[in-house]
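Thank you all for coming. Please have a look at the structure on the screen, and then I will talk you through how its parts meet.

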Amino acid sequence: MKPFIYSILLFFIGTISFSQTKEVILKKHFKVDKNTVLNLDLDNVAIVFEESLDDKIHFDYGITFIRYPKRKREDLLDDINVKTSQKGNTITLDVKNSMYVGINSNYLYSMDSLKSAIMYYGKTYRKRAYDYKTKEILLNEIVRSVGNDLEDFLFKNKSKYENQAFINTKKKDLKSFIIRVPKYTCIKIKALHSNLTFKYDIEKSIVVNAFQGDLKFKKLVSKDIKFVLMNGFFQAEEIKAGAYSLKDVHPTKIGSISNAKLETETSSIEIGEIGENVQFNDFNSKLYFYDFGKNFTKFDLKGDYSKLTLYKVKNSHYNLNVYGFNTTLNMNEVKTTFGISKEKEMTKILEKKVKLNEVSSGKVEIELTNAILTIK
Amino acid sequence: MEHNIRDLFVKNEENKKELPKNHREEFLEKLNTQTSKKKKIRFFFFLKIASSILFTICCTYFYFGTTSDVQKKSKTQAQIQMEIFEKEYLTNIDKEWNSFMKIATDTVLIKRYKKKLKESDLNYQKLVKNFKEHPNNSNVLESLIQNLQQRLELIKGIEAHIKELNQKNTSNETIYL
């Protein structure tokens, strides 16, 4: 009888160990002070940043494998390359994972489902109407978002496109990489195909250079903030300073922004509220500015082939001047193209002044070339 | 039992035998036949080398021929499907680009878009290389489809933008709100 029981036990242990295994990739901490710089060089990894309260930087990286054969597990672990080092005040983390490792997906689609979902998204979801949103609604979207527009769409439509039979057979790896950093630490990031989520407010310097990166922040407060992002998505609940260069970023969602300079290209950008001292230079992006703050003083925008939508302009309390060359104004469901001159000079398309008894909240100056302006 | 070697030779009767008269002719004849045999052996030796080379060539041909066949056959379902998607997308991208070129007059814009599409294609080629190494990886697959979809959307977007700019209703008078 005994051997029989043992064999059953062995079978169950074998099955459980095969169905779920947890691997610790990195568990390390470094003592830091106010002069410490955290240097990150990242490839194909998703990291969540949390605030550390014990003057230490903690790295905690692990993977849980579900239904993963041993050989495949070893293959994947071979493609993970993580290294930490310390030189003086600089702590460096190098993650050079191959694309095979990938970052966590929030859905499991078969190839056919994935293609039809992406095609449907391209045809309809991306072209959805951008109706007015309050800052709170936009903030709620940022908090709930799981990724870029497409990822959000795929996640929201899981029940429509996911196939249970496919999921049951699909092996899965749940990666978790958490870095806990004291708020006073300066951070430099070079990232390729990586998802970075900050769950604390950035009050010190941060410099980010990212290609195909998904970046999500709470408050960006420091003056020494510099972002260069190409191909990805960018979300911030509040920007209070910094310089941002965004190219092919879908979507960019910002709850509110002030004291910042933006250079954007072929991106889609939603801003809940524009505050004081914001400068904007754009080429061929879709810009949705829902509101201006109570004392924003001045806002400047220069756009070439931009598609700008302004909301509730008639009821607003700011002065507005729009100059344009070859620019279409879309207002009250009438489309009119302005400023087509051989001299290619800017002409004044639109002017709005606050009423005599009203206090102006600021001045909006817009220069558009080959652009489309929609007033809602 | 010690022997003197000189005595041994003196005693050897064979030494006393006389050579036949046609000994020289017989010797030459035997010598000739011997050389012709050697020539034959040399000929077969080259034949062996030639045949082994031929055998090696045949083996190489069949090995590579069959393995490339196997490789062709062993393309994963995902790779085959991706090839179909790619063809479909690239045809559409090409079609959209041609209709964009028909309405676009701004050379700076065209140049900028050409550069953008080239950058996107370079990125795609890197992904293709990755996909060959990991043909069943959903991360790479998703990035591939996304890249193609983005390119298509990009051209469609600017085409629609230009069409909207070119609409008939024009004005140069400032609107006051």
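This is a predicted model: local features need pLDDT of at least 70, side-chain atom pairs count only at pLDDT 80 or more; totals for chains, interfaces and linings use all residues.

Between chain B and chain A, about 4,400 Å² of area is buried, and carbon and sulfur atoms give 55% of it; buried area here is the accessible area, taken with a 1.4 Å probe, that two parts lose on being put together, summed over both. On the chain B side, B:Glu164, B:Leu165 and B:Leu177 lose the most area to chain A, together 16% of what that side buries.

Residues are numbered from 1 along each chain as its sequence is written, chains are lettered from A and ligands numbered from 1 in the order in which they are written, and side-chain values use heavy atoms, with hydrogens and water left out.

If we count contacts, meaning heavy atoms within 4.5 Å, then 43 residues of chain B touch 59 residues of chain A. The interface also holds 6 salt bridges, each defined as a side-chain nitrogen of Lys or Arg within 4 Å of a carboxyl oxygen of Asp or Glu.

Which helix of chain B gives the most to the side that touches chain A? That is α5(B), with 16 residues, where helices are DSSP runs of H or I, at least four residues long, numbered from the N terminus.

Key
Helices (H or I, at least four residues) and strands (E, at least two) are DSSP runs, numbered from the N terminus.
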